[in-house]
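Subject: Model handover

Hello,

Here is the model we discussed. Please open it alongside this note.

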Amino acid sequence: MRYADEIREAVVIAVGALRSNKLRAGLTTLGIVIGIVTVTLMATAIDGLNRAFQRSISMIGADVLFIQRFSWFTGREEWAKTRNRRELTLAQAREVARLSTLARAVGVEAHGSADVRYGNRSARAVWVVGNSEDSALVRGVSLTEGRWLSAAEVQGARPVCVIGSDLAARFFPLESSLGKRIRVGRSLCEVVGVLEKQGQFFTGANLDNQVVIPITRFTTDLVRWPDVTIAVKVWDTTRMEAAKDELTGILRQLRRVPPGMPDDFAINQQEMLVRNFNQIGGSLALVGLFITGLSLFVGGIGVMNIMYVSVAERTREIGVRKAIGAKRRNILTQFLVEAVFISLGAGLVGLAVAWPMTWVIDYFLAARMSIPTALAALLVAAVTGIVSGFLPAWRAARLNPVDALRSE
Amino acid sequence: MSLIRITGLSRHYVMGTEVIHALRGVSVAIERGEYIAIMGPSGSGKSTLMNLLGCLDTPSQGVYELNGLNVADMDDNQLAEIRNREIGFVFQSFNLMARSDALHNVELPLVYAGVPPAERRERALEALRQVALADRVHHRPNELSGGQRQRVAVARALVNRPSIILADEPTGNLDSRTGTEILALFDQLSRNGNTIIVVTHEEDVAQHARRILRIRDGLIAADEVNQPHHRAEAPPRLPPVLTPPPIIS
Ligand SMILES: Nc1ncnc2c1ncn2[C@@H]1O[C@H](COP(=O)(O)OP(=O)(O)OP(=O)(O)O)[C@@H](O)[C@H]1O
Ligand SMILES: [Mg+2]
């Protein structure tokens, strides 16, 4: 209660002092303004990056294990050792599905690209995915129209396809895509389904510009020996490690890896990406912190400078206040509040400047300046004020009353 | 017990190789309710003594007891409290807060004393009434005359009901008429039982006091009892509250 009163008094003094020195206060806070702009932009960008990543990563599915020839994160020397690994085959995928007890569904996946045409419309280098009937469940896709590939179609390498929403919109803007026969590479495929809109992956790939065809068709039409991924959806996400062990055992047997030799395949999962991203994100944040710290440091020096001037100008006032009973703490509070006010004002200006600038970031990253970011920026401004105001305020607080009164 | 007892008080300033002896061992006792003038030529050490009495400065040597407490034993915070509660300062150059109105200036000692806002306001208004400025509470110093400013300063000195009022040349910046007004105010305060110490080098001003300390070269040269007299030809124009009540016979 008493302290609140003291702070209020300090606020009144600070506002009065700043009002009579608007221009000077404004100019010296420029450094803090710039500092806060960088803090905000940096935080917004990192936030946007994070969110884009989280959104993308959720498409991969936390409960899916990807059996592939190579690990997602292969070092250069590892690459030399592993590049001669044999391909994974469709037969192996079928065996995995038959033998695994922890797998809920096993999908096969291969990627390529081909030109797609319908009548006089065409799209170049469309992303073509070879999938099996269970891939829908593994990938967690939903359809806006039609259905997914059937087991029979995969078995018989039927010329059918499921297309992404962008392709559908582009080729069949006014009519239903179902039943249309589009040319994918060399063969004509009948559209049996349309995927729901998915957006971009964080790498920038447009997921809505894809054509899914039976994997069997993929191997005859596009790539004879594709690098097949066996995607295994696990029943229980708490048993991912057990599932990994089981799959490793099955695959070593299928691929006849002698005991004691290392695996000639890799089992990848979402978590690896997350871990890797967090590492990168962490160092990014560190660099950001350093840069913003630097500009805030410069700003803080500006505030410190102006506070020294303010103390020097008001030495006599400090003397009078001490003569009528102000304690060191009162004077310290008074000048700290003034420094915080300057910095907070600069923080607000910084936010006002940064806000339109975040629209630019938004253009690339779908990032918005969030309330927590804004609050954090203001907190940083206030802390900068306290830190840089402390020495001048301390000097004021320690002034000897007689000397202060005699000044001028 | 004396309100103030100083013994062998001295204060010197070291300036490079030179040592300036502003006070060279002053001893004096001052009782509650006294009205004292300190006189002496310029540079004799009046302000130095005043600053020591007001706990704004610490002596080089000697003992200062205020209300029986040795000031040398106190730390910074305790001294601030003493200045806040026991002492009311009136300066030659008023020393008001330029950006605050009269009311807030007078409230300030109470702010530092931690008095809650409502009570603070009431007491500040009361003090302003005592100096006949009830109609100027929301004026800033630059909207007041010199005399009015000094009255605000006196109200500020009074508001926390201090044991002593210290005034260093309170009329120094005022013309003689407004000066008289302030002195009349002091007379009134003295009659109400306040202890007042005024530094001056005007004999006229000193004549209001009942005791005059004459200082020369940092020493007390004379300690005289004075019979205050008001010259009939210049009666102070007193605001109503300060006029002594008419004697009804
Ligand atoms: N801070 C200081 N540093 C050095 N010397 C000082 C200081 N303060 C006062 N003095 C010296 O001490 C002596 C006494 O000064 P003081 O201010 O007490 O005089 P005074 O009697 O109040 O004079 P005046 O009537 O002119 O106000 C002077 O010689 C002055 O120069
Ligand atoms: Mg003096």
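Below are notes on the salt bridges and the ligand site.

This is a predicted model: local features need pLDDT of at least 70, side-chain atom pairs count only at pLDDT 80 or more, and totals for chains, interfaces and linings use all residues. Residues are numbered from 1 along each chain as its sequence is written, chains are lettered from A and ligands numbered from 1 in the order written, and side-chain values use heavy atoms, with hydrogens and water left out.

Salt bridges

Over all chains, the structure holds 34 salt bridges (a side-chain nitrogen of Lys or Arg within 4 Å of a carboxyl oxygen of Asp or Glu). One of them joins A:Arg24 and A:Glu313, at 2.7 Å from N to O. A:Arg24 sits in helix α2 (residues 22-28) of chain A and A:Glu313 in helix α11 (residues 270-313) of chain A, so this pair ties together parts 289 residues apart in sequence. Helices are DSSP runs of H or I with at least four residues, strands are runs of E with at least two, and both are numbered from the N terminus. A:Arg24 is partly exposed at 24% relative accessibility. A:Glu313 is partly exposed too, at 45%. The classes are: buried under 20% relative accessible area, exposed over 50%, partly exposed in between (1.4 Å probe, protein chains only).

A:Arg321 and A:Glu317 also form a salt bridge, with the closest N and O atoms 2.9 Å apart. They are 4 residues apart in helix α12 (residues 315-323) of chain A, so about one helical turn separates them. Both A:Arg321 and A:Glu317 are buried. A salt-bridge network links A:Arg314, A:Glu317, A:Arg321, A:Glu338 and B:Arg99.

Ligand 1

Ligand 1 is surrounded by 15 residues (a heavy atom within 4 Å). The closest are B:Ser42, B:Gly43, B:Lys46, B:Ser47 and B:Thr48. Residues of chains A and B surround the ligand, so the site is shared between chains. The shell divides into 5 nonpolar, 7 polar and 3 charged residues (Ala, Val, Leu, Ile, Met, Phe, Trp, Tyr, Cys and Pro count as nonpolar; Asp, Glu, Lys and Arg as charged; the others, Gly among them, as polar). Its largest share, 3 residues, comes from α1(B).

- B:Ser42 places a polar side-chain atom 2.5 Å from an oxygen atom of ligand 1.
- B:Lys46 has a side-chain N or O atom 2.7 Å from an oxygen atom of ligand 1.
- A:Arg406 has a side-chain N or O atom 3.1 Å from a nitrogen atom of ligand 1.

Best wishes

Conventions: A polar contact is a pair of N or O atoms within 3.5 Å; within protein, one must be able to donate a hydrogen and the other to accept it, and residues adjacent in sequence count only if both atoms are side-chain atoms.
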